[in-house]
Amino acid sequence: MAEKLYISFENIKYDIIFLAKKILESNIKFDAIIALCGGGLVPARLLRNHLDIPIYCLNIKLYNCNNEITGKPKIIQWLDNDIIDSLQNKNILIVDDLDDTGSTLHYVTNFIENGYKSYMPIKYKNLGVAVLYNKLKNKKSRIDIKYPYYKVFDIDDKWVVFPWE
């Protein structure tokens, strides 16, 4: 069994303040958050307290019941085309709790940029990515460097246990 890293809600609150400060001090004023359901919902909601922008949710499944990455992402929930229309030419911030393998963030940024099935692409002004923690490990996928990337800090490759799990 992998070594575990337990993170308290008290730590999360301080880390969110730190992350929000980094985002607010950047040269981009974000218009909306896209939270990745599962791990990204709580951090997105807490960030909203500081950024004061709306949240939209996506749900993409990459792991099976044994926490192994599946070959292809399964979209559980996507943005409807009315929301996509409202996000055109806006500054959008994708929020998740953890950048582990890089796969989820890679797929989501790709689907936002290129569309997904019958859903239109979002022709955003800026697309940024914010995570609480980035695991130091070889990633299966890399996020394109053109996307501003915000994180609280890097962590070792341990199983992270968040207070909402």
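Predicted model: local features only at pLDDT ≥ 70, side-chain atom pairs only at ≥ 80, totals over all residues.

Visitor: Is Phe153 buried, partly exposed or exposed?

Guide: Burial is read from relative accessible area, where under 20% is buried and over 50% exposed. Phe153 has 40% relative accessibility, so it counts as partly exposed. Tyr133, by contrast, is buried, at 0%.

Visitor: How do the rings of Tyr133 and Phe153 sit relative to each other?

Guide: For ring pairs, look at the centres and the planes. Here the centres are 5.1 Å apart and the planes are at 45 degrees, so the pair is tilted. Tyr133 belongs to strand β6 and Phe153 to strand β7, so the pair ties together parts 20 residues apart in sequence.

Visitor: Which residues have the most contacts inside the largest nonpolar core?

Guide: Ile23, Leu47 and Tyr133 do, in a core of 26 residues. The helix α1 gives the most to this core, with five residues. Leaving aside neighbours within four places in sequence, Ile23 is in contact with several residues, including Phe30, Leu47, Leu93 and Tyr150.

Visitor: And which residues of β2 lie on each of its faces?

Guide: In a regular strand, side chains alternate between the two faces of the sheet. In β2, Ala32, Ile34 and Leu36 are on one side, Ile33 and Ala35 on the other, and all are buried. With five of its five residues buried, β2 is therefore largely enclosed by the rest of the structure. Four bridges join β2 to β5, and the two run parallel; Ile33 stands opposite Leu93 in β5.

Key: Residues numbered from 1 in each chain as written. Heavy atoms only, no water. Core = buried A, V, L, I, M, F, W, Y, C linked by side-chain atoms within 4.5 Å. Buried < 20%, exposed > 50% of the residue type's maximum accessible area, 1.4 Å probe, protein only. Contact = heavy atoms within 4.5 Å. Pairing = 2+ DSSP bridges. Phe/Tyr/Trp six-rings, centres within 6.5 Å; stacked < 30°, edge-to-face > 60°.
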